[in-house]
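Okay, thanks for coming, everyone. I've got one structure to walk through today, so let me put it up on the screen and then we'll go through it piece by piece.

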Amino acid sequence: MIDYAVFLMGLLVASTVTGLVTEAIKVQLEELGKDYKANLLAGIVSVVVSIGLAVGYTVICGITWTQQVAVVVVALVLLSWLCAMLGYDKVVQAISQFKSGKQETSDE
């Protein structure tokens, strides 16, 4: 069984790495002039990073794969994808607002 604190640390690592790798790939694709879907790209990177992290952790700790571990891996994939999609764009938006000194208004 994977401990709750270990899961949260894995989520932190997976979402951070997913966001950074996704942004690096986006920059490369933009330089090449390729068209891409940012959310789909973040999802693919999230799956690869999360499964790699889970496999590495289970091998290092000698945990056998059970249904509980599979559920934790699926949760890790989905949550890291969500964190990667929401986190980086909001940070970039906040930084651009600080630089310009303006506050964006919503169209409600």
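This is a predicted model: local features need pLDDT of at least 70, side-chain atom pairs count only at pLDDT 80 or more; totals for chains, interfaces and linings use all residues.

Let's start with the overall layout. The protein chain has three helices and zero strands, and if you follow the chain from the N terminus, the order of elements is α-α-α. How much of the protein chain is buried? Of its 108 residues, 26% are.

Now let's take the helices. α1 covers residues 4-32. There are 29 residues in α1, and from first C-alpha to last it reaches 42 Å, close to the 42 Å you'd expect at 1.5 Å a residue.

Which residues of α1 are buried? Going along the helix, we have Phe 7, Gly 10, Leu 11, Ala 14, Ser 15, Thr 18, Gly 19, Thr 22, Glu 23 and Lys 26. Look at the end of that list, where Glu 23 and Lys 26 turn up among the buried residues. Let me stay with those two for a moment.

How many salt bridges does the structure hold? One. Lys 26 pairs with Glu 23 in a salt bridge, and their closest N and O atoms are 3.0 Å apart. In general, side chains of opposite charge can pair when their charged atoms come close. Here, Lys 26 and Glu 23 are three residues apart in helix α1, so about one helical turn separates them. As for burial, Lys 26 has a relative accessibility of 12%, so it counts as buried. Glu 23 comes out at 16%, so it counts as buried too.

One more residue on this helix: Ser 15, also in α1. Its relative accessible area is 15%, so Ser 15 is buried. Leu 76 is 61 residues away from Ser 15 along the chain, yet their C-alpha atoms are separated by 8.9 Å.

On to α2, residues 38-61. This helix has 24 residues and reaches 34 Å from its first C-alpha to its last, close to the 34 Å expected at 1.5 Å a residue. After α2 comes Gly 62, and its phi is positive, near 70°. The buried set in α2 is Leu 41, Ala 42, Gly 43, Val 45, Ser 46, Val 49, Ser 50, Ala 54 and Thr 58.

From Ile 51 to Val 77 you count 26 residues in sequence, and the C-alpha to C-alpha distance is 7.6 Å.

A quick word on cysteines. The structure holds zero disulfides. Cys 61 has 42% relative accessibility, so it counts as partly exposed. Cys 83, at 36%, also counts as partly exposed.

As background, rolling a probe the size of a water molecule over the atoms shows where empty space is left. The largest pocket in this model has a volume of about 220 Å³. It's lined by 15 residues, and the ones nearest its centre are Val 6, Gly 10, Leu 53, Ala 54 and Tyr 57.

Where does that lining come from? α1, α2 and α3, which is residues 67-100, each supply at least two residues. Which helix gives the most? That's α2, with six residues.

Conventions
Residues are numbered from 1 along each chain as its sequence is written. Side-chain values use heavy atoms; hydrogens and water are left out. Helices (H or I, at least four residues) and strands (E, at least two) are DSSP runs, numbered from the N terminus. The expected span of a helix is 1.5 Å times one less than its number of residues. Buried means under 20% relative accessible area, exposed over 50%, partly exposed in between (1.4 Å probe, protein chains only). A disulfide is a pair of cysteine sulfur atoms within 2.5 Å. On a 1 Å grid over the protein atoms alone, a cavity is a set of points where a 1.4 Å probe fits but cannot get out, and a pocket is an open set with protein on both sides within 12 Å along at least five of seven lines; lining residues have an atom within 4 Å of a point. Grid points are joined across faces, edges and corners, and a volume is the space filled by probe spheres set on the points. A salt bridge is a side-chain nitrogen of Lys or Arg within 4 Å of a carboxyl oxygen of Asp or Glu.
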